Amino acid sequence: MVGSVMAADLATDHEVSCADLTPRHIPNVAYMPLDVTQREAVIKTVAPFDLVIGAVPGHLGYETLKAVIEAGKNVVDISFFPEDALELHEMAVRRNVIAVTDCGVAPGMCNMIAGYFDKQMAIDSYTCLVGGLPVVRTKPYEYKAPFSPIDVIEEYTRPARFRENGNIVTREALSEIEEIWFDGVGTLEAFNTDGLRSLLHTLKHIPNLKEKTLRYPGHAGLMKVFRDTGLFSKEPVPAAGSNVAPVDIVSQLLFSTWKYQRGEEDFTVMQVIIEGQDANGNVKHTWSLYDRYDTEQHVMSMARTTGYTATAVARLLLQQGWNTPGIIPPEHIGSNADAFQFVLQQLKERNVIYRNITFR
């Protein structure tokens with residue numbers, strides 16, 4: 001859903017191929033069969049190309065990224081994998097590879113905003129509230145997954161890590177539910193998820209860092225019932241004469257229920273709040289995004305906001321607007337004002353608009 005949008009966007013000004021296990025029919029994009037679990041096949045497949053974009057489910061992301069780095073190819077990755085990408089930094093430096101990871105909307109664009117302001121001011125607190133939802137609410141879930149359901153379930157089970165008063169704290173996913181009003185949307189609920197990712201390591205000097213996921217009210221409570229019942233467990237249980245991990249069955253069942261149908265509209269809402277001090281005293285910056293399904297191109301909002309961020313950074317690399325090798329978290333891109341403005345302009349040209357307000 002996201003990968004095809006990125007391929008189509010880049011095909012407007014580059015020669016693009018799509019490597020996948022399943023045949024993909026994207027205008028002006030060549031298809032090549034590839035099983036990304038086969039390391040040597042990945043290395044051979046990417047060899048002729050100048051840049052690779054990784055858009056695989058999280059459980060495949062780390063090893064795929066590692067294979068691309070071994071191949072010596074620059075890469076922009078949106079795979080939300082649980083492993084620490086920074087563990088591949090030394091390998092990327094040795095191979096002279098630029099690997100921008102977590103390069104979507106969140107993580108991704110929110111990190112760039114944090115990185116940008118980290119160079120402009122002394123930040124006391126950073127908060128990101130973000131969610132992608134269907135326009136039409138349908139019970140009982142009132143949710144659709146714009147990417148792999150197994151990755152959504154991971155958000156609901158992985159403990160959430162924050163920084164509070166300079167210390168890393170861990171809380172249960174789906175906890176600390178609060179209701180917040182958003183213009184154009186109404187009331188949504190925000191709850192803890194483990195979305196800070198690299199920010200916990202790269203912005204250690206900021207005493208307060210927090211991220212929450214947004215859903216329609218009631219969704220978190222239902223997911224807690226699923227989780228606490230064991231339906232999201234990865235531990236096999238005996239059933240019908242064999243051992244099966246409950247999450248494998250549940251994710252398959254939810255895929256059809258949570259899958260967007262063609263023409264079904266979604267929206268993305270994000271608010272990044274940064275508070276601290278600059279040369280003029282106390283300041284608060286609020287950056288907001290409200291993006292809707294593109295009815296003309298039939299492109300989903302989550303694909304637009306995630307995919308176009310990644311293709312903007314891909315173009316930045318292809319135009320040699322970034323030359324430092326290694327694992328590059330998005331906040332490093334944001335810390336370069338020219339690179340940050342390049343990404344914002346690319347998004348604006350695709351009608352993905354971030355609005356910002358400054359309070360003093």
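**Charged residues in a predicted model**

Let me begin with Glu176, which counts as partly exposed because its relative accessible area is 36%, where buried means under 20%, exposed over 50% and partly exposed in between, with a 1.4 Å probe and protein chains only. This is a predicted model, in which local features need pLDDT of at least 70 and side-chain atom pairs count only at pLDDT 80 or more, while totals for chains, interfaces and linings use all residues. Residues are numbered from 1 along each chain as its sequence is written, and side-chain values use heavy atoms, with hydrogens and water left out.

Glu176 forms a salt bridge with Arg171, their closest N and O atoms lying 3.2 Å apart; the term stands for a side-chain nitrogen of Lys or Arg within 4 Å of a carboxyl oxygen of Asp or Glu. Arg171 is likewise partly exposed, at 25%.

The structure holds 24 salt bridges, and one of them pairs Arg350 with Asp9 at 2.9 Å between the closest N and O atoms. Arg350 sits in the loop between helix H12 (337-349) and strand S17 (354-359), and Asp9 in helix H1 (residues 3-10), so the pair ties together parts that are 341 residues apart in sequence; helices (H or I, at least four residues) and strands (E, at least two) are DSSP runs, numbered from the N terminus. Both Arg350 and Asp9 are buried.

In the bridge between Glu70 and Arg39, the closest N and O atoms are 2.6 Å apart. Glu70 counts as buried at 16% relative accessibility, whereas Arg39 is partly exposed at 43%.
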